[in-house]
Amino acid sequence: MAVKKSNLKTKIQQKPDLRVAEVPKKPLTKPYNDIDLNNWKDYSHVLTDTLWEFQSRDKSNGHSYDYHGNYIPQIAQQLYERFTKKGDIVLDMFFGSGTSGIEAVNMGRRCIGVELKQELVDYVSNKFEPKTLVTDVNIICGDSASSDIGVKIQDRLAVMGADKAQFLVLHPPYDDIIKFSDKKEDLSNCATTDEFYDLFEEVARNGYEQLENGRFAALIIGDKYAKGEYYPLSFGCMERMNRAGFVTKAIIVKNIEGNEKAKGKQANLWRYRALYGGFYIFKHEYIMVFQKPLKNKAKSLH
Ligand SMILES: C[S@@+](CC[C@H](N)C(=O)[O-])C[C@H]1O[C@@H](n2cnc3c(N)ncnc32)[C@H](O)[C@@H]1O
């Protein structure tokens with residue numbers, strides 16, 4: 001017997017719904033960041049290539065160009081997103097004007113900074129809310145290459161309820177290119193570049209001790225010319241990082257963004273000098289990324 005079309009439709013509608021309600025996916029993250037790899041296409045702002053070109057310095061959210069030699073905040077933004085989780089502690093052994101700390105607060109991370117110059121520590125402390133200065137940002141006035149800096153960092157970590165930092169930032173003086181102070185402990189006052197490398201290695205070792213196993217470190221540095229010779233400070237320091245036990249993960253080339261003073265007459269003068277002296281004008285610096293292995297690999301000093 002032929003079934004009427006209208007009856008058939010009713011029968012289908014009465015069938016129980018066997019579809020299972022969609023369960024939200026558990027986030028797929030690495031132990032060292034909050035990037036949900038299920039949605040990796042949503043992170044197009046996170047750089048994954050080795051050439052970083054920024055048109056200008058970010059001067060918003062507490063950042064300013066108030067210190068000759070401070071790095072641009074976009075570097076911290078990129079590194080924190082890749083290598084830290086919310087609430088993690090960033091340890092910066094050359095705190096300067098506090099870029100690492102400002103960006104840590106902006107991004108819900110915390111920070112311990114070590115800086116040699118007391119007047120700079122006092123100035124930078126005023127950039128943070130007083131209550132933030134205990135819970136979220138701790139600034140130590142001290143020598144990052146000294147053997148007692150570890151104890152001072154440990155004290156601050158304890159106040160913050162931690163025993164290790166989760167990310168290390170090293171933005172040392174580029175040897176003697178900028179003199180930061182007259183202090184003999186200042187890495188910009190070394191008598192020779194070899195002495196600079198030795199002191200830098202001490203800092204790298206001190207930082208290594210305070211970093212959680214398996215976590216990352218960034219070295220921000222440029223090279224220099226002196227007396228007609230090129231000094232690859234970046235690769236020299238990279239080697240010292242390796243000696244301290246870090247494994248190299250990436251070498252990123254970053255443009256040095258437009259400096260108004262370098263335009264016009266000055267730029268022409270440098271071009272003339274370059275043509276005359278057989279060298280090239282620096283337009284880049286490096287951001288080198290390292291990882292502390294899960295098991296200690298530090299080579300002994302001797
Ligand atoms: C390149 S600057 C860092 C700038 C910083 N990243 C910023 O964005 O403001 C290097 C800093 O290291 C400091 N410094 C040099 N030798 C040091 C040492 N032995 N211990 C701690 N800080 C040191 C200098 O005073 C200077 O402020």
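Leaving out neighbours within four places in sequence, valine 159 is in contact with Val134 and Asn138. Contact means that the C-beta atoms, placed from the backbone, lie within 7 Å. Valine 159 and valine 134 are 25 residues apart in sequence, yet 7.6 Å apart in space, C-alpha to C-alpha. Valine 159 is found in helix α6, residues 149-159. It is exposed, because 12 other C-beta atoms lie within 10 Å. The cut-offs are 20 or more other C-beta atoms within 10 Å for buried, 12 or fewer for exposed, and partly exposed in between, with C-beta atoms placed from the backbone.

The model is predicted: local features need pLDDT of at least 70, and side-chain atom pairs count only at pLDDT 80 or more, while totals for chains, interfaces and linings use all residues. Residues are numbered from 1 along each chain as its sequence is written.

**Overall fold**

The protein has nine helices and ten strands. Both are DSSP runs numbered from the N terminus: helices are H or I with at least four residues, strands are E with at least two. Of the 302 residues in the protein, 30% are buried. Among contacts with a separation of 6 or more, 69% join residues 24 or more positions apart.

**The sheet**

Eight strands form an open sheet with mixed pairing, in the order β1-β9-β10-β6-β5-β2-β3-β4. Its edge strands are β1 (51-52) and β4 (137-141), each pairing on one side only. Two strands pair if DSSP finds at least two bridges between them. Two of the pairings are set out below.

| Strands | Sense | Bridges | Bridge partners |
|---|---|---|---|
| β2 (89-92) and β3 (110-115) | parallel | four | valine 90 and cysteine 111 |
| β3 and β4 | parallel | five | valine 114 and isoleucine 140 |

From β2, Ile89 and Leu91 point one way, and Val90 and Asp92 the other way. All of these are buried.

**Helix α8**

Helix α8 (residues 233-244) has twelve residues. From first C-alpha to last it reaches 16 Å, close to the 16 Å expected at 1.5 Å a residue. The expected span is 1.5 Å times one less than the number of residues. Leu233, Ser234, Cys237, Arg240, Met241 and Ala244 are buried in α8. They cover an arc of only 125° around the axis, so they lie on the same side of α8. The arc is that of the directions from the helix axis to the C-beta atoms. An α-helix has 3.6 residues a turn, so residues three or four places apart point the same way. The buried residues of α8 pack against α7 (193-210), β6 (211-221), β7 (224-226), β8 (229-231) and β10 (284-291). Glycine 245 follows α8, with a positive phi near 120°.

**Positive phi in loops**

Asparagine 61 is not a glycine, but has a positive phi of about 50°. It lies in the loop between β1 and α2 (73-83). Asparagine 61 is exposed, because 12 other C-beta atoms lie within 10 Å. Aspartate 175 also has a positive phi, near 55°. It is found in the loop between β5 (165-170) and α7. Aspartate 175 is buried, because 25 other C-beta atoms lie within 10 Å.

**The ligand shell**

The ligand is surrounded by 24 residues, and the closest are Asn70, Phe94, Gly96, Ser97 and Thr99. A residue counts as near if its C-beta atom, placed from the backbone, lies within 6 Å. By class, the shell has ten nonpolar, nine polar and five charged residues. Ala, Val, Leu, Ile, Met, Phe, Trp, Tyr, Cys and Pro count as nonpolar, Asp, Glu, Lys and Arg as charged, and the others, Gly among them, as polar.

Definitions and conventions
Contact = placed C-beta atoms within 7 Å.
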